[in-house]
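Please look at the sequence and the structure shown below before reading on. The report that follows takes up the contact between the chains, the relation between the copies, and some charged pairs.

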Number of protein chains: 2
Amino acid sequence: EPPEFHIFGFEMDEGKILMVVFTACIILLTTVRIAYEKTKMKLYIPESALLIAIGLVIGGILVLFDTEWSRKIQGYLTFPPELIMYVFLPIIIFEAAYYLNRTAFVNNFLEIFSFATLGTVISTLLIGFPLFWLSTATITQLTFSESMTYASLVSAIDPVAVIAVMESMHVNDDLFYVCFGESTMNDGPAIVLFNLFMSLESLKDIDSVEIFGLAVAKFLVAILGAVFMSIFLSLCTCFISKFSYKIPSTESLLFLLTAMCIYVLADLCMFSGVIAVMVSAFMLQRYGEQNLQQESIISFKQLCKLLSSLCECVLFLDMGFQIAFISKNEKKVDWVFIVCVIIFCVVSRFIAVFAQIGVLNVRRGRIGKKFSWKEQLIFVWGGLRGGVSFALAKNQYLDKRKSNQVVFSTCMVILETIFVNGLSMRPVIKKLQIKLEPSLNNRISTKMMTKPIANLTQFAKVVCGHTSKLGQFMSWFDLALQKIFSNKEIVDRDLEENIQQVHELVIQTLLKQKRDQETFKKHNLKKKYMLMNPLE
Amino acid sequence: EPPEFHIFGFEMDEGKILMVVFTACIILLTTVRIAYEKTKMKLYIPESALLIAIGLVIGGILVLFDTEWSRKIQGYLTFPPELIMYVFLPIIIFEAAYYLNRTAFVNNFLEIFSFATLGTVISTLLIGFPLFWLSTATITQLTFSESMTYASLVSAIDPVAVIAVMESMHVNDDLFYVCFGESTMNDGPAIVLFNLFMSLESLKDIDSVEIFGLAVAKFLVAILGAVFMSIFLSLCTCFISKFSYKIPSTESLLFLLTAMCIYVLADLCMFSGVIAVMVSAFMLQRYGEQNLQQESIISFKQLCKLLSSLCECVLFLDMGFQIAFISKNEKKVDWVFIVCVIIFCVVSRFIAVFAQIGVLNVRRGRIGKKFSWKEQLIFVWGGLRGGVSFALAKNQYLDKRKSNQVVFSTCMVILETIFVNGLSMRPVIKKLQIKLEPSLNNRISTKMMTKPIANLTQFAKVVCGHTSKLGQFMSWFDLALQKIFSNKEIVDRDLEENIQQVHELVIQTLLKQKRDQETFKKHNLKKKYMLMNPLE
């Protein structure tokens, strides 16, 4: 039948209502974020904890009122895992790696690498073996292969959680970059260990030395494959972006899509996607950004920050929802198992950090940058678990009963680290009087000084440094790449920026002087007025 | 079975491959766009025509090789219509309305309104009646109600196509804004007529005067409802954005989501979504933009342009795909019907434009801005059909056979207008020697002068203008709204910008002088060198 004619009306279309609800939710979330930033809440609760709490509350309400409607909403609130894995995660890692303080990262590379590889292995062993020995006391009763697999997945430090908590604390660069670097790079080793232990049954006939060799080979393949693939594809994008000058914001899109494409491709080829995105961000920043217009650079930064903060928000919210939804299905909670896992996690982290830093401090002592025991404690605190562990727990090959227990206990570990560690981080930092990074960004004087100083350093490096053959070759190689893939050479732009910044400063000071004069005049007028009207 | 351990591997996961293909496609598209912008192609082919052609070719290849794979790809390439209607369309309209030259729009409002309402009615009648009279000669054989419904949907001028073609031509502001305004605002009347004629069967007992009344009432409800809802919700967002200062790019997200939310809400309440988005863009630009930081304003602009150009690209590509896919199912093409429709469209457009401008030129003649017959021809040329007609054609209530014919002939009309009109637009403009807008954006002197001149105009308006009671009230009301919803008053910011721009200019001139000096020195050195080496 043809439709009837209505002057007023309301079309009850599920898709449309869903979309209104969805956009309204994001607007509401943004409002919550604004409130969070404006009030003092920011000082006490990290955003990730707040969002998980919101997710838990909303999810809990939905689980309690178990009607058809609530089940439908639960379905909508369970974001497809592919979206989270292949869109949200690469964007967050890309943003963090692109706007990285490269010097601090390179200076601490040895620590980062050791934490990410050796640290993960130590942590896996220190969690896995005790868990297996205690398995008879638990309901879950994991076998050796299963407990080692679980130990490896629960050892994966989550970059998103670490970035969210550490960035808001303004800890100093060394602390931040070791934690950030560890959390991004240890996904690779953790996933290799996870796959290795999960397929331990099929490797039964092979002796343990060979298994060790297999693990190392896999690890090398995963990292090197990711690095080379990423370098090649990123340079292609840089080359394309060389010709996109004056086409509005094409590069922003190109860069982000390249990162996502590389991540998925690396994942397809069973390389480490996270490392591929990191390398891609480095390459694009070095050889691609020169091809952007000045305006595009600013807007690309804002776009990245916007997308990554949005993705983080949704990720944590979703984690809250998922934890609430999963708890519903949990009939008989294996508390012994959960408590054991949490204790083993904390202890193994403690041992791994102090043992490694003990050795690494020998080198650091020579350059006068030893990590104090207070800073080591912060590393222990920084071992936050999150989305990666959660995703792996869901993928672990187990029977239904064991799988439920494993996923639930992983949720508990995540909640423990994010709430206990996250909420106590600031008081601990305050108590231990850790050196914080002064937040300089907003002061004009620092804005003026950072770049010239960086340039002077660069100049000094060019003049006296690079005496080693390798260093000379690297800088020659870098220049050659710049010539091929970038529009301008990099030093030029820096100089230009300096001049612009100094001028900006002059303008702002002039404006400020003018404003001050005006307020001064106003005050004077007011005084005069009050003198004329003594009654007021 | 637990999985096996592999050192190398390639995971054939459909979702992942799809994502790689999808991102790679967008990267390819961007590369095509860069090539398009860099070469002279831009001067001869509008982007929309190029994209539809690409879509047609790819779609055609897929249709020719009719395997399982190609059918799967066809499924992926058929974007969900909800995505296009509720995400792409509002973004494109929002961007166009937000960065509108308001003065030109307001000055031509009478023309726009007349074209959008009266023009659509004239066009519908001039297409519908002949189509009904000729229906016996065609295969499709539409009834009276059906042919009028079809006439109304084929009368809807598509804003996306018009924006894409007219913007690249740089026609003068009066021409552009009449065409743009008409194309956005005539969707409302066209949809009202579409619904009215489609439900003509159920209104059989009512006499024609009453039907006319119903149509007018529906039209008023659709427009006024959209306007008031949009104003209310947009002001709410402005108010929220007042507090978001210093939280990076929150506003960009808020603004875009508000626009989308308003569009869908308006659609739910059966108001005109397009008009709601337009009003929302106006309100946000006037009272919301003051709450953004200077950097955010630039990056919001780039984000909008990026999103809208991406959406336009995908929209036209999709249209190409769809037309190719639909042609496959078409066994017996009703060419008589198609040719008739195309002729009626052109003739009715011609009559509607010349009749209306004939009357409207009386008023315009008084202010010395008469449209010449050449410019009227451009209006005839600018009647491009596109996505709106296509979407309505798919929604028309008809039996399967008629529906196929109707959708296919709509596709043909769209192709005709975009290819014939789009490709011949530039030669016609050149031949008729229409006044083009000089593209001034890139010259520094104009960058410096436009804003001060605008400010002087504003100042002059404040000093001498606004003598009418209504004008006074409006400016008082505007100020009050600014105080409630904006952080700063608007004139302040303009002044600041002026100062900044003048300083920027000074900097750039200084830089240029320096560069010139350097090149001069280099030349001198070369001359000296050549004098010293006369043999060279």
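## The contact between the chains

Chain A and chain B bury about 7,400 Å² between them, with 78% of that on carbon and sulfur atoms; buried area here is the accessible area (1.4 Å probe) that two parts lose on being put together, summed over both. The model is a predicted one, in which local features need pLDDT of at least 70 and side-chain atom pairs count only at pLDDT 80 or more, while totals for chains, interfaces and linings use all residues, and side-chain values use heavy atoms, with hydrogens and water left out. Residues are numbered from 1 along each chain as its sequence is written, and chains are lettered from A, and ligands numbered from 1, in the order in which they are written.

To the contact, which means heavy atoms within 4.5 Å, chain A brings 75 residues and chain B brings 73 residues. Across this interface the rule finds 6 residue pairs in polar contact, both residues being at pLDDT 80 or more; such a contact is a pair of N or O atoms within 3.5 Å, where within protein one must be able to donate a hydrogen and the other to accept it, and residues adjacent in sequence count only if both atoms are side-chain atoms. On the side of chain A that touches chain B, the helices that each supply at least two residues include H1 (14-38), H12 (208-241) and H22 (490-532), helices being DSSP runs (H or I, at least four residues) numbered from the N terminus. Helix H1 of chain A gives the most to this side, with 13 residues.

## How the two copies are related

Chain A can be laid on chain B by a turn of 180° and a shift of 0.0 Å along the axis, with an RMSD of 0.2 Å, when copies are superposed by least squares on the C-alpha atoms of residues with pLDDT of at least 70 in both. The two copies are therefore related as by a two-fold rotation axis. In chain A, the C-alpha nearest the axis belongs to A:Ser299, 2.0 Å from it. Because 97% of the interface residues of chain A are also interface residues in chain B, the copies meet through the same surface.

## Salt bridges across the interface

Side chains of opposite charge can pair when their charged atoms come close. Between chain A and chain B the rule finds 2 salt bridges, each being a side-chain nitrogen of Lys or Arg within 4 Å of a carboxyl oxygen of Asp or Glu. In one of them, A:Lys16 meets B:Asp267 at 2.9 Å, N to O, and the pair crosses from helix H1 of chain A to helix H13 (residues 250-268) of chain B. Both A:Lys16 and B:Asp267 are buried, a word that stands for under 20% relative accessible area, with exposed meaning over 50% and partly exposed in between (1.4 Å probe, protein chains only).

A:Asp267 forms a salt bridge with B:Lys16, and their closest N and O atoms are 2.9 Å apart. Since A:Asp267 lies in helix H13 of chain A and B:Lys16 in helix H1 of chain B, this pair joins two chains. Both A:Asp267 and B:Lys16 are buried.

## A salt bridge within chain B

B:Asp174 forms a salt bridge with B:Lys369, their closest N and O atoms being 3.9 Å apart. Because B:Asp174 lies in helix H10 (residues 173-185) and B:Lys369 in the loop between helix H16 (335-366) and helix H17 (373-381), the pair ties together parts of chain B that are 195 residues apart in sequence. B:Asp174 counts as buried at 17% relative accessibility, whereas B:Lys369 is partly exposed at 34%.
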